[in-house]
Amino acid sequence: MAQADSPARAWLPELPVAPGTDAVVLCHDSLRTPRAKTTHGLLRHGLLLRICAVVDRGCAGADARQVCGIPASSSSCSPPHVPVLAEVPESTNVLVIGVAPPGGAAPLAWREEIAAVLARGGLVISGMHEPLLSDPELAKAAVSGGGGVWEVRAAPPTLPLAHLPRPWPVPVVLTVGTDAACGKRTAAVALVEAAEEQRIDARFVPSGQTGILLGRGRGVAADHLVADFLSGVFQRLVEDAIDEGAQLVVVEGQGALSHPAYGAVSYGLLQGVAPTHLLMVHPHGRQERQSFAPQPVPTPMEECTRIRQLSHARLLGLALNPGGAGRTLQAALPLPPWDAARDGPVVDVLRQGATALLANLAPSP
């Protein structure tokens with residue numbers, strides 16, 4: 001369920017929209033690709049924004065859920081059928097930039113559509129690294145029409161430094177992976193939902209722009225923080241969740257420890273969260289890192305070997321992402337090496353759920 005702020009989280013800015021706010025998502029020529037992971041996440045698990053339409057000229061006339069292979073469910077407040085349009089409707093009050101490109105800059109070709117919403121007094125929600133209003137044309141449109149921008153990645157004004165970690169009194173899970181954009185957020189939400197079905201008070205702590213936009217828990221975009229504060233911010237977020245009464249805290253991971261571009265963020269999260277448990281996530285069948293070819297994706301066991309040099313957390317299991325609409329683990333490649341007896345079960349959380357992973361939530365040795 002969508003969570004309201006508590007006094008413990010008063011250091012985080014209030015969300016600028018209410019749960020269930022209608023929104024249109026902009027993701028031209030991206031809906032069928034991993035670049036549109038923000039769009040995919042909102043359709044699958046979003047509780048903050050009700051997606052009324054997706055704008056992608058390459059898929060116009062289709063249904064977004066069918067294109068993405070994301071069926072309607074109670075996990076999302078968006079309707080069962082979401083039309084794909086060729087252009088942003090003039091009636092749009094809230095526009096979400098639904099892509100997460102490497103480097104974090106909005107495509108220049110979308111400037112006119114974004115400016116039109118700002119000029120009509122609308123709100124544009126951006127998870128980019130580069131602030132939208134740093135573009136003079138967009139800034140001019142916002143001033144003339146009274147529009148605004150929610151920069152989802154923007155850091156809160158108060159940033160805590162980390163202190164010596166205390167032993168957590170409840171299980172704290174961090175999702176880790178072998179690559180970026182491999183399903184760590186999806187696995188974290190699935191684990192929270194499975195725990196809630198068993199009446200466990202589980203809290204989701206997002207660490208990326210899409211996770212924040214889901215409205216399932218308050219968090220901060222880890223990759224936009226000043227490095228000195230990354231560990232302290234997530235240590236504080238875990239403390240807040242526990243102080244609010246959480247029986248289980250699940251933190252969304254970022255990147256991969258072995259990733260040349262994003263590994264520093266992965267390490268900062270590992271340091272600050274100080275997890276009792278880890279859930280490994282792997283994009284089954286992906287041979288090379290996306291946007292970083294020809295760099296191979298390590299096996300889950302290889303990535304675990306790196307992590308074990310830095311953490312004594314217990315493994316919950318392996319969440320495999322077979323990728324693509326309709327693909328299953330049975331139809332994919334042979335499963336990668338994994339010691340299920342020692343390190344937990346292998347699951348496809350989207351098709352099998354995450355209940356089997358909860359059995360390993362015993363205290364770490």
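Author: Helices (H or I, at least four residues) and strands (E, at least two) are DSSP runs numbered from the N terminus, and here the protein has 11 helices and 12 strands. This is a predicted model, in which local features need pLDDT of at least 70 and side-chain atom pairs count only at pLDDT 80 or more, while totals for chains, interfaces and linings use all residues. Residues are numbered from 1 along each chain as its sequence is written, and side-chain values use heavy atoms, with hydrogens and water left out.

Reader: What radius of gyration does the protein have, and what would a compact globule have?

Author: The radius is taken over C-alpha atoms, and the globule rule is 2.2 Å times the number of residues to the power 0.38. For 365 residues a compact globule would come near 21 Å, and the protein, at 20 Å, agrees with this. Its C-alpha trace spans about 60 × 45 × 40 Å along the principal axes.

Reader: How many of the residues count as buried?

Author: Buried means under 20% relative accessible area, exposed over 50%, and partly exposed in between (1.4 Å probe, protein chains only). By that criterion, 55% of the 365 residues are buried.

Reader: Which residues touch the most other members of the largest nonpolar core?

Author: A nonpolar core is a set of buried Ala, Val, Leu, Ile, Met, Phe, Trp, Tyr and Cys residues joined through side-chain atoms within 4.5 Å. In the largest, with 71 residues, they are Leu 31, Leu 49, Ile 51, Ile 114, Ile 125 and Trp 150. Helix H5 (residues 184–197) gives the most to this core, with 8 residues. A second, separate core of 34 residues includes Val 176, Leu 230, Val 249 and Trp 338.
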